[in-house]
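Reader: Could we go through this protein model together? I would like to begin with the surface.

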Amino acid sequence: SSQVIRCGTVDAPLNGHVTLSKTSYGGEARFSCDEGFLVTGDDILRCTAQGTWSAQAPECISIVRCPPLALTANDGRAPVIYATERGPIPPSLGSYDVGVLAEIRCLPDYALTDENLLTCLDSGQWDLPLPECVPVPTATEPSTAHLLIRVNRRPDVPFWKHLKDYLFHGCTATVPRRLSLFCYTAGGTIAIGTSNWTDLAGYTLHTDVAQIDVKLLAHLVRTLQQPDVRGLRPDNLFQFVLYGAVGAIPPAARYPPQVEDAYRYVVCQFIDVILMDRELNYDDEIVVDIGREENTNTKIKYLLKHVAQHIYQEYQRRLEERSARETAALKKIIALAEVMPPVVATTPPPTTTTTTTPAPTPRCPLSHLAFPPIDSHVVAAVLRHPAGPSLTFETLARSGLHAEPGDRVQYGCADGFSMRGSGVTVCGTDGRWSTEVGFCEGAVCEHPPSRPNMLIALESRDRQYYVDDEIAYRCETGYTIKGHPVIKCQPNGRWTHLMARCTRISCGRPKNLAVGNIVAGQSFMYGDTLRVRCQLRTADITCQANGQWTTVDGCW
């Protein structure tokens, strides 16, 4: 029997279609393009006896093209990103096909004023006007028309947890618990006078503190007018929010303690809101117009994020100091293990004149080395008897050597993962390797980006997203996707750009009205209604999600 010659399938071109009669010898692939596009190349390919198609698949080029978006010098706009549904395309083309998307971005210290994702229409024009990038006012130059602030996606979750613990409980442990990082000095001791407020555990907000959220909003807005925040620290952040100053507040100018407690309690409640916020992906930062926000809680959330950014560097410095203290403590333990006196046998009975020699110090076989955590490898080995130039786990484990007490091996994680724990196994004085090494956690991408009328596809929804995870989007009913609706989690914890948008489906002007005409209505988009005059009566037709008008007897 003869073997069937197959050419395999062939993909449809962008903005086009392909119809296959069969994929074996003699089969045909017929290509066609969407309205407004022309086939370039052979529109019919044939499967040859060599098992290949007779030519390269053609492309669909637009009959009508849109000109490049013109940017002027010093207008605050960054270079435009152009893309199709298959990804970005060169920004230096002389014109762009119908359906191409253009993303407008702003330079640092500028903010967008309108929708920034434009689409090339079959009219040869972009569907939206070019949005402007306006300067973000500084704290010393408040805007009367807008109140714009920069909100960074940092501080991170651990920062907010430490800040809430500090504000809610203070630095006096009434029950055994680990104090907030903000309670400690550089030397690792509890700072005196860091917070003299009471623990809010069991606190109930009294109803006599009226409209405290509105008052808190007024205090936070006032912080935007403070030109100098160089003295702002975790221990005076709360008084800065409440009194607008970083220096000491005279007792006569302070609120009563019960009022301060109420404000502190409400601030902690809003920190809980921030900790649960998983709505948007801000990439590096976004610019928020507080003046246009209608919800008081949303305004407070953004303003708290804004003011907390001033102490985030201090938080990172304290994290580094704590890590340095823990490392120094580990080195001290290792040093003590190295100088421990050898174990000496007990004194024999008086009738015996012989003595025993000291027992040898137990050593750790490298063959018993703790296996690296998943997604990790050996990155360093501090051994008094080196096992050779190679630092792979297999080389160490098969060397047949023994490590001395205090010797240690360091594990590191693969790209896109970070070590949770010390990542170090140490040879103990009992001749055993320590087992509490840690584990590698994949970088997490939070806050998937959102677009109007666009939803995350059901199969892509998850509680957490790690490196290489992808999210696909779909549109709400009555809208169609344009662009490339897939993003990917990168090793740096950020999403790739979402180059897509959802546009309302158009039914177009009714073409099949045999008799009759339109007497009311002039929009042909999803949900729109037209009144048409038929032979016997007047009726309403509606544009449906499938792009078709509803039918009326006697009109179609």
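Author: The accessible surface of the protein comes to about 32000 Å², and 52% of that belongs to carbon and sulfur atoms. Accessible areas come from the Shrake-Rupley method with a 1.4 Å probe, and for residues only the protein chains shown count as cover.

Reader: What should I know about the model itself?

Author: This is a predicted model, in which local features need pLDDT of at least 70 and side-chain atom pairs count only at pLDDT 80 or more, while totals for chains, interfaces and linings use all residues. Residues are numbered from 1 along each chain as its sequence is written, and side-chain values use heavy atoms, with hydrogens and water left out.

Reader: How many helices and strands does the protein have?

Author: There are seven helices and 30 strands. Both are DSSP runs numbered from the N terminus: helices are H or I with at least four residues, strands are E with at least two.

Reader: And what share of the residues is buried?

Author: Of the 556 residues in the protein, 37% are buried. Buried means under 20% relative accessible area, exposed means over 50%, and partly exposed lies in between (1.4 Å probe, protein chains only).

Reader: Now the helix packing. How do H1 and H4 pack?

Author: Helix H1 (residues 157-169) and helix H4 (residues 257-275) pack at an angle of about 160°, with axes 10 Å apart. H1 is therefore roughly antiparallel to H4. Angles over 145 degrees count as roughly antiparallel, under 35 as roughly parallel, 65 to 115 as roughly perpendicular and the rest as oblique. The axes are lines fitted to C-alpha atoms, for helices over the stretch in contact, and angles run from 0 to 180 degrees between N-to-C directions.

Reader: Which residues of H1 and H4 meet?

Author: From H1, the residues include Trp160, Leu163, Leu167 and Phe168, and from H4 they include Tyr265, Val267, Ile271 and Leu275. Contact means heavy atoms within 4.5 Å. The residues of this contact divide into eleven nonpolar, no polar and four charged. Here Ala, Val, Leu, Ile, Met, Phe, Trp, Tyr, Cys and Pro count as nonpolar, Asp, Glu, Lys and Arg as charged, and the others, Gly among them, as polar.

Reader: What about H2 and H5?

Author: The axes of helix H2 (residues 212-223) and helix H5 (residues 296-308) come within 10 Å and cross at roughly 35°. Among the contact residues are Leu216 and Leu220 of H2, and Ile300, Leu303 and Val307 of H5. This contact divides into eight nonpolar, two polar and two charged residues.

Reader: Turning to Leu237: is it buried or exposed?

Author: Leu237 is buried, with a relative accessible area of 5%. Leu237 lies in helix H3 (residues 237-243). Not counting residues up to four places away in sequence, Leu237 touches Leu163, Leu232, Val307 and Ile311. Leu237 and Val307 are 70 residues apart in sequence and 8.4 Å apart in space, C-alpha to C-alpha.

Reader: One last topic, the loops. Where is Asn74 found?

Author: Asn74 is in the loop between strand S6 (65-66) and strand S7 (81-84). Asn74 has a positive phi of about 60° although it is not a glycine. Most residues other than glycine have a negative phi. Asn74 is exposed, with a relative accessible area of 78%.

Reader: And what is the phi of Asn453?

Author: Phi of Asn453 is near 65°, again a positive value in a residue other than glycine. Asn453 is partly exposed, at 26% relative accessible area.
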